[in-house]
Amino acid sequence: MTERLPHPLTGQLFASPVPAGQGWPEDPASRSTPVACSAEDVIRLADRARTLAELDARVTKCRACPRLVDWRESVAKGKRASFAGEPYWGRPVASLGDPEAWLGIIGLAPAAHGGNRTGRMFTGDRSGDWIHAALYRAGMNSQPDSKVAGDGLVMTGARTIAPVHCAPPDNKPTPDERHACAGWLRRELQLIPTLEILIALGGIAWQATLSGVRAMGWDVPRPQPRFGHGAEAVLTRADGVPVRLVGSYHPSQQNTFTGRLTTEMLDAVFARAKEIHQVNTGETPRPDS
């Protein structure tokens, strides 16, 4: 018999991984949501999604990459000792945040015991704590952290996005896995025409963003912009609208414990994003005006 454990917020019992349509807080999918079983399916189902809610639902039932399916589900069943008493989401993790965001925060993939456990992108681990605390300080989060799905978090103007929606072994998705998941990312960016700024968390996210938008027909400067903390590049959507890409070191423990990334450095990146947004919306005069 499959073990069922209580959700840490609601107490409702769930198996790990959590089947769709069982009442998990904020689960966007239902039992009837179609399932992508190949990269071709991803493109077909993503392109047919008419809303972000529909896209998110389809993302969370994807089974296109067998290695990632096996890994995320084995982690959900094995669990970490500190979370042994709660169920793990164990499915692909949809993006999280404002559907009309002007700011997109792009990482790489959910963490095995973070988003893969909570079912919410960039939550449940130290890296997610850093991101949500920074968003709170920047005035875009209703609370400084998010530990579990259904905890009342509201993000205003921002959305956390990942080029890969499943937790990968050793945090390293293969090129084929990144390619298979790219259809979800491309459609998501199409469905958020309000995006003005993208913050890429780390060099891999920077490269994945450039590759993804180029495949969508966006104009990317040549030579290709190089990643760095605070680096910036102007990308141009297919409709001619500019989108600013800003680089930030990833808030991994390797970076935050060593001081390579500090709270002040991360806050400065979000402050720069807000400055660009204020200029775009006319809240702040342009420097040459």
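User: If helices (H or I, at least four residues) and strands (E, at least two) are DSSP runs numbered from the N terminus, which elements each supply at least two residues of the lining of the largest cavity?

Analyst: This is a predicted model, in which local features need pLDDT of at least 70 and side-chain atom pairs count only at pLDDT 80 or more, whereas totals for chains, interfaces and linings use all residues. Residues are numbered from 1 along each chain as its sequence is written, and side-chain values use heavy atoms, with hydrogens and water left out. A cavity is a set of points on a 1 Å grid over the protein atoms alone where a 1.4 Å probe fits but cannot get out, and its lining residues have an atom within 4 Å of a point. For the largest cavity, the elements that each supply at least two lining residues are α3 (66–78) and α6 (175–190).

User: How is the lining of the largest cavity divided by class?

Analyst: The structure holds three cavities of 30 Å³ or more, and about 110 Å³ of space lies in the largest, a volume being the space filled by probe spheres set on grid points that are joined across faces, edges and corners. Its lining is made up of 17 residues, and those nearest its centre are Cys 62, Cys 65, Leu 68, Cys 166 and Cys 181. Ala, Val, Leu, Ile, Met, Phe, Trp, Tyr, Cys and Pro count as nonpolar, Asp, Glu, Lys and Arg as charged, and the others, Gly among them, as polar. The lining of the largest cavity accordingly has 13 nonpolar, one polar and three charged residues.

User: Which element gives the largest share of the lining of the second largest cavity?

Analyst: About 40 Å³ of space lies in the second largest cavity, which is lined by Ala 39, Ile 43, His 179, Ala 180, Ala 182, Gly 183 and Arg 186. Both α1 (39–48) and α6 supply at least two of its lining residues. In the largest cavity, α6 gives the most, with four residues, and in the second largest cavity the largest share, five residues, again comes from α6.

User: Where does the largest share of the lining of the largest pocket come from?

Analyst: A pocket, unlike a cavity, is an open set of points with protein on both sides within 12 Å along at least five of seven lines. The largest pocket has a volume of about 970 Å³ and is lined by 38 residues, of which Asp 125, Ser 127, Asn 171, His 250 and Ser 252 lie nearest its centre. Two or more of these lining residues are given by each of α5, α7 (203–215) and α8 (253–258). The largest share, four residues, comes from α5.

User: Which element gives the most to the lining of the second largest pocket?

Analyst: The second largest pocket holds about 330 Å³ of space, and among its 19 lining residues, Glu 26, Asp 56, Ser 95, Leu 96 and Gly 97 lie nearest the centre. The elements that give two or more residues to this lining are α2 (52–59) and β3. By class, the lining divides into ten nonpolar, four polar and five charged residues. With three residues, the element that gives the most is α2.

User: Is Thr 33 buried or exposed?

Analyst: Thr 33 is placed in the loop between β2 (13–15) and α1. Leaving aside neighbours within four places in sequence, Thr 33 is in contact (heavy atoms within 4.5 Å) with Ala 57, Arg 58 and Lys 61. Because its relative accessible area is 11%, Thr 33 is buried.

User: What is the relative accessible area of Phe 257?

Analyst: Phe 257 lies in helix α8, and its C-alpha atom is separated by 29 Å from that of Thr 156, 101 residues apart along the chain. Phe 257 is exposed (over 50%), with a relative accessible area of 56%.

Key. Buried means under 20% relative accessible area, exposed over 50%, partly exposed in between (1.4 Å probe, protein chains only).
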